[in-house]
Amino acid sequence: MIDVAIIGAGPAGSTAAIELARAGRSVLLIEKRFFPREKVCGGCLSGRAAARFKQLLGPDREIPGLPGSQVSFVIGSYRLTCNPHGATWVVPRAEMDACLANTAGEAGAEIRYGQAAALEQSEQGWDVILGAERIRAKAILLATGLGGLPAKLGIHNTSRSRPMIAQQWIQPTRCLSSPLGSVELHWLRGGYVGLATPQEYASVVAIACDATDMGNERAYDRLRRMNPNAEIWEQLPENAPRHYGARGTAGFPWIPDRLGDRNVLLIGDAAGYAEPFTGEGIGQAMVSANCATKTILSGVDLLNNYASLMRKNHRPVVRRTRWIAAVLGSALIQYIAARRPMLPRPWLTRLVEAVHVKGAL
């Protein structure tokens with residue numbers, strides 16, 4: 001029997017693997033894909049997530065990406081820009097995930113790529129099934145994102161969610177007016193678009209679109225139709241690529257009714273996810289991983305201890321993110337922002353700084 005099995009080698013899974021392996025625990029990290037892999041992501045880290053990323057790698061390790069030069073939030077006629085003073089970080093998600101997973105391996109975790117894991121009950125709790133192999137672990141961390149494994153445990157979403165389609169691609173920087181290291185977040189009717197420039201010649205474009213009653217319309221086309229005058233279209237091609245670097249569907253928000261079952265704990269997006277527009281998804285994932293690590297190392301009352309730490313450190317951020325998303329996505333705010341400058345600009349600017357620079361909503 002091993003100490004910990006972790007399913008999913010994204011930011012949450014790899015963070016937990018690094019911390020637990022460095023603490024002397026036997027760790028198996030399982031990932032169904034091969035790295036580097038593309039993932040729908042805006043390519044930016046908030047101040048909190050960036051600080052944790054650097055801490056995990058250590059002072060002697062070169063960090064992929066570069067410091068953020070500016071963060072802009074655009075809604076209607078408003079462009080709110082702040083200087084993060086290097087606190088934020090801009091990095092392609094594929095590079096970040098591969099870097100964290102490699103660090104977990106260097107810390108002593110065993111990593112198995114290209115293997116899809118399943119869960120099966122036993123007398124001791126849950127076991128991990130890899131093909132014909134049964135793996136018993138004292139604790140299992142489920143870091144599979146918004147996938148189907150939580151349902152295997154009988155865990156369901158407690159929030160009224162709406163279906164969303166997310167898509168991401170990389171295009172030449174010359175198509176954009178944004179400077180190197182910048183991040184732009186465009187809040188639109190029906191969704192949002194994020195732009196990040198982590199490299200001199202390539203920029204990341206990520207979109208999320210409400211898929212309710214969408215029919216056969218493409219997400220990109222729907223956002224353009226619903227927001228014909230948005231300034232973002234000046235920086236993007238008239239027609240989105242037919243082949244995306246990554247795409248996916250999910251229901252937002254996802255708030256599980258439980259954080260685990262017996263010897264299984266949910267971490268990362270599986271432990272609670274509100275809206276991607278804040279750029280705090282990776283930061284929240286790392287917080288949940290740290291809560292799970294502290295719980296396992298304490299050796300007492302796995303589920304209750306983890307739930308207590310999450311209520312204190314993770315849930316408040318998710319709740320505030322949901323509230324902000326509901327306000328900014330409301331029809332009234334969109335109507336006002338599109339017609340006249342009546343919104344409190346100083347308040348919105350402070351919001352941008354709080355979320356993306358300080359990582360403290």
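With a relative accessibility of 15%, Ala-98 counts as buried, since the cut-off for that class is under 20%. In this predicted model, the residue is located in helix α3, which spans residues 93-107. Beyond its neighbours within four places in sequence, Ala-98 is in contact with Phe-35 and Pro-36. Pro-36 and Ala-98 are separated by 62 residues in sequence, yet their C-alpha atoms are 5.5 Å apart in space.

The chain as a whole contains ten helices and 19 strands. Of its 361 residues, 57% count as buried. When contacts between residues at least 6 apart in sequence are considered, 71% of them join residues at least 24 apart. The accessible surface of the chain amounts to about 15700 Å², and carbon and sulfur atoms account for 50% of that area.

The largest nonpolar core comprises 68 residues, and the most contacts inside it are made by Leu-45, Phe-53, Val-128, Ile-140, Leu-141 and Tyr-306. Helix α6 (residues 281-298) provides the largest share of this core, with eight residues. Another core, of 18 residues, lies apart from it and includes Trp-169, Val-193, Tyr-220 and Trp-233.

Phe-53, one of the residues with the most contacts inside the largest core, is also among the buried residues of helix α2. In that helix, which covers residues 47-57, Gly-47, Ala-49, Ala-50, Arg-52, Leu-56 and Leu-57 are likewise buried. An α-helix has 3.6 residues a turn, so residues three or four places apart point the same way. Helix α2 is followed by Gly-58, which has a positive phi near 90°.

Technical notes. Residues are numbered from 1 along each chain as its sequence is written. This is a predicted model: local features need pLDDT of at least 70, side-chain atom pairs count only at pLDDT 80 or more; totals for chains, interfaces and linings use all residues. Side-chain values use heavy atoms; hydrogens and water are left out. Buried means under 20% relative accessible area, exposed over 50%, partly exposed in between (1.4 Å probe, protein chains only). Helices (H or I, at least four residues) and strands (E, at least two) are DSSP runs, numbered from the N terminus. A nonpolar core is a set of buried Ala, Val, Leu, Ile, Met, Phe, Trp, Tyr and Cys residues joined through side-chain atoms within 4.5 Å. Contact means heavy atoms within 4.5 Å. Accessible areas come from the Shrake-Rupley method with a 1.4 Å probe; for residues, only the protein chains shown count as cover.
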